[in-house]
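The following report describes the architecture of one protein chain. Please consult the sequence and the structure shown below.

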Amino acid sequence: MKRRILVPWAMLPKGREVLNQSKAEVVYLHGPNGVLPSLKEITQAVRFADVLLPRGTQPIPKTILQANPNLLGIANFGVGYDNIDVITATQLGIPVTNTPGVLTETTADLAWALLMATARKIPQAHIYTKSGQWKGPGGKVFMGQDIGPGGSNQPKTLGIIGFGRIGQAVMKRSLGFKMKVIAYDPLMKKAITQRKGVAYRELDQLLRESDFVTLHCPLTKDTYHLIGKNELEMMKPTAILINTSRGPVVDEKALVTALKKGRIAGAGLDVYEKEPKLTPGLSQLENVVLLPHIGSATQDTREQMAIVAARNSILMAKGKKPPHMVNPEVFKTKAYQMKLKGRMGDESI
Ligand code: 8YV
């Protein structure tokens with residue numbers, strides 16, 4: 001029997017090409033215009049799949065995994081994998097992969113675009129100009145925050161929370177702005193301390209010192225609401241918060257209150273606590289720039305992500321170890337080994 005790869009979204013053609021080159025049967029499940037199937041539909045379809053290839057932020061909860069514990073893998077299209085119940089997957093002997101590396105530079109670019117747009121109020125000024133409200137001198141002035149040293153030659157401080165691949169790529173881009181860079185990441189403390197051009201700070205201190213705070217940590221139980229009421233109160237009233245990581249890292253309700261009260265100067269967000277819903281009050285604020293989760297959204301990068309996810313899915317369908325493992329310990333589990341044993345001799349992929 002052919003191995004079956006279930007793709008519950010409108011995968012990019014480059015990824016489809018890779019899948020088509022394998023001997024696996026590929027099943028696409030999606031509505032018109034890229035509408036995602038419901039959990040119920042995925043749960044039904046997954047029973048007949050060997051590997052699942054979900055879109056990065058598509059929830060893959062326990063119920064889907066339990067519907068088919070015989071899955072040989074889940075190849076997530078995205079570097080983040082908080083959408084998948086990885087603990088249950090590991091218990092059931094289901095390998096999980098992601099797409100790190102290929103989206104690092106693109107996401108760092110977007111974090112900077114958002115930082116600059118928020119600091120200089122670019123979307124607000126764009127709407128003002130485009131809608132014909134600009135009547136020449138004497139009109140509204142979109143007074144922003146300096147990113148570089150500004151007229152008074154005061155270098156600004158960039159605080160990076162999460163110093164993985166994307167956090168480091170963000171740091172490199174700050175060079176031209178002559179910024180002081182500080183970073184917080186308990187897992188990278190040694191690496192940050194040893195690196196030139198960046199200084200380690202504990203979270204409280206980083207929040208107090210930074211003119212810009214940018215989030216690049218994964219969503220885990222330790223980073224959930226890492227930035228809440230108390231943390232926002234530690235920030236400078238002139239500071240700007242940028243989030244291109246995951247929405248729930250920030251307590252969105254507390255952020256709306258802080259922005260309303262002018263506790264911080266602004267926020268640039270690409271991710272939200274309950275995407276695509278926004279916390280009431282957020283979109284009415286003047287001092288926010290809001291994007292619809294487009295950190296990795298360039299043609300080139302999304303194509304590469306699709307290719308990586310497709311390759312990962314084919315390797316797992318073959319019972320092989322792909323390079324981008326989220327739970328490498330799974331291969332040692334009895335659940336996985338038993339599963340593979342039962343399928344040995346099947347050379348149809
Ligand atoms: C999404 C992302 O996966 O890679 C990630 O972690 O957040 C994004 O690249 C992408 O939007 C697909 O849904």
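How many bridges join strand 9 to strand 10, and do the two run parallel or antiparallel? Strand 9 (residues 212-215) and strand 10 (residues 240-243) run parallel and are joined by 4 bridges. Helices (H or I, at least four residues) and strands (E, at least two) are DSSP runs, numbered from the N terminus.

This is a predicted model, in which local features need pLDDT of at least 70 and side-chain atom pairs count only at pLDDT 80 or more, whereas totals for chains, interfaces and linings use all residues. Residues are numbered from 1 along each chain as its sequence is written.

Within the pair, Leu215 stands opposite Asn243 of strand 10. Both strands belong to an open, parallel sheet of 7 strands, ordered 8-7-6-9-10-11-12; strands pair if DSSP finds at least two bridges between them. Strand 8 (199-200) and strand 12 (288-290) each have a single partner strand, so one side of each lacks a neighbour in the sheet.

The chain is assigned two domains, with bounds from an automatic or database domain assignment.

| Domain | Residues |
|---|---|
| domain 1 | 4-101 + 299-341 |
| domain 2 | 104-290 |

Their C-alpha centres lie 32 Å apart. The contact (C-beta atoms, placed from the backbone, within 7 Å) takes 6 residues from domain 1 and 7 residues from domain 2.

Methods. Two residues are in contact if their C-beta atoms, placed from the backbone, lie within 7 Å.
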